[in-house]
Amino acid sequence: MTHKEDNPIITLVSRVVSPFIMIFALYVIFHGHYSPGGGFQGGTMLAAAVLLVRLGAGREISQLQFKKSWGMPLGSLGVLIYFGTGFVAMLLGGNFLNYEFLPLAGAANAVRGWGILFVEIGVGTAVMGILVAIYDDLLEGDPL
Amino acid sequence: MKFLNYLILIVFGGLLIFASTGLANRGDADAPMNKETSPAGSPGAAYYYIQNAKKDAHTDNMVTVILADYRGYDTLGEETVIYTAGLICFLLLRRREEEEPK
């Protein structure tokens with residue numbers, strides 16, 4: 001950020017618009033079963049909502065919304081959710097990533113649908129955290 | 001010369017639009033490309049996916065089923081690629097606190 005002075009319009013608009021982008025991103029992730037969308041697209045939009053506040057309000061203020069140190073842990077958590085879903089299925093007797101063996105009630109095909117949802121949540125979490133982390137890492141050399 | 005550029009552009013765009021009218025409908029199991037069989041004579045994967053995606057995973061979006069269920073390994077690899085990119089940026093660019101000059 002080369003401009004030190006705050007522009008109230010940009011700050012306010014980015015603050016107001018960011019939660020709505022996040023809501024729509026969650027819709028894209030969770031409605032991926034029925035319409036175009038899914039983890040990658042929704043995670044990118046979640047990251048875009050965070051980066052909008054990063055760009056609009058400046059680096060210090062935006063730490064209140066999403067801290068710089070949260071990016072990589074969140075990305076790791078997403079990869080672990082994906083891997084863990086497959087691993088739980090493997091521990092309970094199936095092949096790796098065979099969602100039929102997840103410990104959920106319901107018919108086999110419904111359980112596979114739930115497995116897809118967990119996997120999409122993992123992908124979305126990982127993509128969001130890692131995109132924000134890459135942005136923060138690239139700004140790290142900025143003397144400010 | 002500029003006129004020729006625009007002419008080539010319009011002709012090529014028209015050609016693409018004309019070609020797109022010959023494409024099969026999405027999810028059409030009877031389209032020739034989905035009727036392809038392997039050299040051993042078994043039906044191709046696309047035909048199976050179109051017929052069974054909804055039944056197998058109780059999910060309407062065929063693309064989601066293929067991405068996350070049938071091709072789960074592939075998506076796990078994609079996610080690992082993204083994670084590796086983020087990890088490399090972290091390791092190369094992040095400043096460590098204790099090495100800051102005091």
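Modeller: Residues are numbered from 1 along each chain as its sequence is written, and chains are lettered from A and ligands numbered from 1 in the order in which they are written. Because this is a predicted model, local features need pLDDT of at least 70 and side-chain atom pairs count only at pLDDT 80 or more, while totals for chains, interfaces and linings use all residues.

Biologist: What confidence does chain B carry?

Modeller: pLDDT is the predictor's confidence in each residue, from 0 to 100. Chain B averages 87, and 94% of the residues score at least 70. Within chain B, helix α2 (residues 45-57) has the lowest confidence, with a mean of 87, and α1(B) the highest, at 95. For the model, ipTM is 0.86 and pTM is 0.84.

Biologist: What makes A:Val50 a buried residue?

Modeller: A residue is buried if 20 or more other C-beta atoms lie within 10 Å of its own, exposed if 12 or fewer, and partly exposed in between, with C-beta atoms placed from the backbone. A:Val50 has 23 other C-beta atoms within 10 Å, so A:Val50 is buried. A:Val50 sits in helix α2 (residues 39-57) of chain A; helices (H or I, at least four residues) and strands (E, at least two) are DSSP runs, numbered from the N terminus.

Biologist: Which residues does A:Val50 touch, not counting residues up to four places away in sequence?

Modeller: They are A:Gln65, A:Phe66 and A:Val132. Two residues are in contact if their C-beta atoms, placed from the backbone, lie within 7 Å. A:Leu80, 30 residues from A:Val50 in sequence, is 22 Å from A:Val50 in space, C-alpha to C-alpha.

Biologist: How do you know that chain B is more spread out than a compact globule?

Modeller: The radius of gyration is taken over C-alpha atoms, and the globule rule is 2.2 Å times the number of residues to the power 0.38. For 102 residues the rule gives 13 Å; chain B has 24 Å, well over that, so chain B is more spread out than a compact globule. The C-alpha trace of chain B spans about 70 × 55 × 30 Å along its principal axes. Chain B has 4 helices and 0 strands, and 17% of its 102 residues count as buried. Among contacts in chain B between residues at least 6 apart in sequence, 3% join residues at least 24 apart.

Biologist: Why is α1(B) described as hardly covered?

Modeller: The count of buried residues among its 19 residues is 0. The helix, residues 2-20 of chain B, reaches 27 Å from its first C-alpha to its last, close to the 27 Å expected; the expected span is 1.5 Å times one less than the number of residues.

Biologist: What makes up the contact between the chains?

Modeller: Chain A gives 30 residues and chain B gives 26 residues. On the side of chain A that touches chain B, α4 (71-91) and α5 (108-139) each supply at least two residues, and α5(A) has the largest share, 15 residues.
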